[in-house]
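Welcome! Please take a look at the sequence and the model below, and then read on for a short tour of helix packing and salt bridges.

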Amino acid sequence: MDEQNKKALLIKFGNGLRNLRSDTGLSQEELAERADIDRSYLGGIERGEHNLALINIIKIANALGVYPHQLLEIFAEPQDER
């Protein structure tokens, strides 16, 4: 996968996270505090600047009160019927 595609995926994830955070009514500061991560790091995730580790996905999901897989559902594509 080339760098442009990687960046596009990180931006897509960040936008999805931002939407989910906004839907829950949390500020970046509130979510970062609940997830025990730095607010500037969370902002970078939402801007697609960080390729976050699984442990941080789990921490953010727990702070939002969702399952980790729900943060990745933005990438789900319908399966071909065969």
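## Helix packing and salt bridges

Helix 2 and helix 4 cross in a right-handed way, a crossing being right-handed if the near helix is turned clockwise from the far one by less than a right angle, and left-handed if anticlockwise. This is a predicted model, in which local features need pLDDT of at least 70 and side-chain atom pairs count only at pLDDT 80 or more, while totals for chains, interfaces and linings use all residues. Residues are numbered from 1 along each chain as its sequence is written, and side-chain values use heavy atoms, with hydrogens and water left out.

Helix 2 covers residues 28-35 and helix 4 covers residues 54-64; helices here are DSSP runs (H or I, at least four residues), numbered from the N terminus. Their axes come within 8 Å and cross at roughly 115°, where axes are lines fitted to C-alpha atoms over the stretch in contact and angles run from 0 to 180 degrees between N-to-C directions. Helix 2 and helix 4 are therefore roughly perpendicular (65 to 115 degrees).

Which residues in helix 2 and helix 4 meet? Leu31, Arg34 and Ala35 in helix 2 touch Lys59, Ile60, Ala63 and Leu64 in helix 4, contact meaning heavy atoms within 4.5 Å. The residues of this contact are five nonpolar, no polar and two charged; Ala, Leu and Ile are among those counted as nonpolar, and Lys and Arg among the charged.

Helix 4 also holds Asn56, which is buried at 13% relative accessibility (buried means under 20% relative accessible area, exposed over 50%, partly exposed in between, with a 1.4 Å probe and protein chains only). Leaving aside residues up to four places away in sequence, Asn56 touches Ile37 and Tyr41.

Now for the charged pairs. The whole structure has four salt bridges, each a side-chain nitrogen of Lys or Arg within 4 Å of a carboxyl oxygen of Asp or Glu. The table lists some of them.

| Salt bridge | N to O distance |
|---|---|
| Arg18 and Glu46 | 3.6 Å |
| Arg21 and Glu46 | 2.6 Å |
| Arg47 and Glu49 | 3.0 Å |

Arg18, Arg21 and Glu46 are linked in a network of salt bridges. Arg21 in helix 1 and Glu46 in helix 3 are 25 residues apart. Is Glu46 buried or exposed? Glu46 is buried, with a relative accessible area of 2%, and Arg21 is buried too at 10%, whereas Arg18 is partly exposed at 28%. In the remaining pair of the table, Arg47 is partly exposed at 44% and Glu49 is partly exposed at 46%.

How values were computed. Helices (H or I, at least four residues) and strands (E, at least two) are DSSP runs, numbered from the N terminus. Angles under 35 degrees count as roughly parallel, over 145 as roughly antiparallel, 65 to 115 as roughly perpendicular and the rest as oblique.
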